[in-house]
There are 2 protein chains.
Amino acid sequence: MGDPLDFTASCPIPIQQYPRIQLAHGGGGKLMHQLVERMFLKAFGDQSEEMRHDSAVLNMPAGRMAFTTDSYVVRPLLFPGGDIGAMSVFGTVNDLAMSGARPLHLSAGFILEEGLPMETLWKIVCSMRAAADRCGVRIVTGDTKVVDKGKGDGMFINTSGIGVIEHSLNISPASVRVGDAILVNGDLGRHGMAIMSVREGLGFEGTLESDSAPVAAPVLELLAAGVEIHCLRDLTRGGLASALNEIAQAANLRLLLQEKLIPVRADVHAACEVLGLDPLLVACEGRFVAFVPPQDAPRALSILNRGQSGGSAVCIGEVRGEIPPLVALQTVLGPSRILDMPSGEQLPRIC
Amino acid sequence: MGDPLDFTASCPIPIQQYPRIQLAHGGGGKLMHQLVERMFLKAFGDQSEEMRHDSAVLNMPAGRMAFTTDSYVVRPLLFPGGDIGAMSVFGTVNDLAMSGARPLHLSAGFILEEGLPMETLWKIVCSMRAAADRCGVRIVTGDTKVVDKGKGDGMFINTSGIGVIEHSLNISPASVRVGDAILVNGDLGRHGMAIMSVREGLGFEGTLESDSAPVAAPVLELLAAGVEIHCLRDLTRGGLASALNEIAQAANLRLLLQEKLIPVRADVHAACEVLGLDPLLVACEGRFVAFVPPQDAPRALSILNRGQSGGSAVCIGEVRGEIPPLVALQTVLGPSRILDMPSGEQLPRIC
């Protein structure tokens, strides 16, 4: 892989002596304290003086605050375009952003499986720190548990997050109105297909990288520009289909999408065809939909496309009417079909 | 066991149809939405209108706030005197209480193993709700992931918590002073030994129940009474030995305990002897130490003993001097010994 950093050499726990996580690293004794003091405090310690104690103590302004939690169980731990660590930061930052909140503080709860290589843990912890710096958030409190070999899967991470809400909008399905434009900030399905391609050995590794990325900055730019955001939703498990069906049902409104406007890259289409998957049901990790009044849509798109790397924001449809609450898809060939909520499990453990 | 509630009958997911958790319950599709809408919203939904969305939106006062996280991986899921659900609420409430914060809001992140009986999940979710009501906290946001059979262990729960700090003390090892009295709010080691007794089939099941309990209320009572609390620490993994060694090192002070004053029940002593364990290293889940000025100790003890059920608060020692930072134990027989931080892992997965 040609890593720019040698994680064996930089690991603050001596890898010769402790090549792998042991049960005692979660036991409350000397090994756990060594792990916390040397590794977690080295990675995150300058972010919070309180990390050594049971809770972080934060100074918060009065007003509305967003609070969210997510566990990450993605397999494999490292994949093209990301890893579980960066994803656990971006994902929770993105959940806060979907309320229009400015993300501030994260917690990190690790569930490690006995036998996890120490170097892997260090690599992922470094990736979390880099991701936190990129998002301007601080990892201020944490916890580590170790489960016996065969009772976990390398590592799971839970991150919870706190953000401040500085706008006065009610960003929720209840605010969606007939006529709203439905925007998406980039092409769909890359995260899920990048994971599947390495897991199934499909040979797409060269081209397909996860879209895993933080989206708080563009959302805050929309708000700063006065775009009247009605609703936001990130397109994780269940993809676009799941997110839009949730909103249609909660808002009791009918959404009409134009299939030809929905951005899906050719390599994602190809990978989906091999696996018999619908790209509109595949998870993304750096993509969201925004419902905005039609007159705000051009300005919103130009903000979302400004300086955007991997993909371009487009309008993919509009809110058409009241009942029945469903998502209709105008296909390229003419007839429209209903885009249903996925029923089963297409892609286990993609996040 | 003669459960007062029939969890099969009351389970809001039809158990005949879905007797066990499937991978699709974490997939973002219909089954996941059914689980969230019918089970989690039934249990917690009246606590937060925002639970359906990505984040909970909370109104917070300005000022100091405590933020903490903990994952729970205890085995077995149900044990004498508690279960993983109640423990996941009490444990995080207690972490907030150790900053002297008033616990307000919790998140709940579930990592379920494919095959977990639906009834078990419902039982544990109900227990979490009852525990939250007992503590006066609300579970306002959540997340569910499912991992394949053999890659988890029934269920793991992460709870993060937010509380407000209404006092102006700096409750931390840095505030500990020579002469401080070291108080403990009850007898030690029952949680760890209750878990071990069922796990090892020791036959202590009849007598030994976990001490799992919330301790925020007594801490807030101490603060309300004006007791000048210098430091608090709950006695979880690593027990009294680990907690006091952490404080001694962080404060750079020497602590002297009187062995004969440390409350350990006879049945806990007996179970520890069978397993070759030191009760001072065994985890509790409803016990904490408080460092207070000697003149405040009698008042603090009388508050802690007022209305206390399972155990009595006592003074077990004092802060004796500066270097070396260690914990000394004056034994019943006369000589004193050093109570060291546990080195290895005595009791895996007791929390």
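Modeller: Helices (H or I, at least four residues) and strands (E, at least two) are DSSP runs, numbered from the N terminus. A:Pro76, for instance, is found in the loop between E2 and strand E3 (78-79) of chain A. This is a predicted model, so local features need pLDDT of at least 70, and side-chain atom pairs count only at pLDDT 80 or more, while totals for chains, interfaces and linings use all residues. Residues are numbered from 1 along each chain as its sequence is written, chains are lettered from A and ligands numbered from 1 in the order in which they are written, and side-chain values use heavy atoms, with hydrogens and water left out.

Colleague: What makes the peptide bond from A:Arg75 to A:Pro76 cis?

Modeller: Its omega is near 0°. In chain B, a cis bond also joins B:Arg75 and B:Pro76, with omega about 0°. B:Pro76 sits in the loop between strand E2 (63-72) and strand E3 (78-79) of chain B. Most peptide bonds are trans.

Colleague: How do you know how many residues of chain A and chain B are in contact?

Modeller: Contact means heavy atoms within 4.5 Å. By that test, 78 residues of chain A touch 77 residues of chain B. The area buried between the two chains is about 5900 Å², and carbon and sulfur atoms give 55% of that. Buried area here is the accessible area (1.4 Å probe) that two parts lose on being put together, summed over both. A:Asp54, A:Phe67 and A:Arg237 supply 13% of what chain A buries against chain B, more than any other three residues.

Colleague: Why is B:Asp148 with A:Arg349 called a salt bridge?

Modeller: The rule asks for a side-chain nitrogen of Lys or Arg within 4 Å of a carboxyl oxygen of Asp or Glu. The closest N and O atoms of B:Asp148 and A:Arg349 are 2.9 Å apart, so the pair passes the 4 Å limit. Another one is A:Lys145 with B:Asp70, at 3.0 Å from N to O. A:Lys145 lies in strand E6 (residues 138-147) of chain A and B:Asp70 in strand E2 of chain B, so that pair joins two chains.

Colleague: What makes phi of A:Arg349 worth a mention?

Modeller: Phi there is near 55°, a positive value in a residue other than glycine. Most residues other than glycine have a negative phi. A:Arg349 is found in the segment after strand E14 (336-338) of chain A.

Colleague: Why are the rings of A:Phe40 and A:Phe110 called stacked?

Modeller: Rings of Phe, Tyr and Trp (its six-membered ring) pair if their centres lie within 6.5 Å; planes under 30 degrees apart count as stacked, over 60 as edge-to-face and the rest as tilted. The structure holds four aromatic pairs over all chains. For A:Phe40 and A:Phe110, the centres are 4.8 Å apart and the planes at 20°, so this pair is stacked. The pair links distant parts of the chain: A:Phe40 is in helix H2 (residues 30-44) and A:Phe110 in strand E5 (residues 101-113) of chain A, 70 residues apart.
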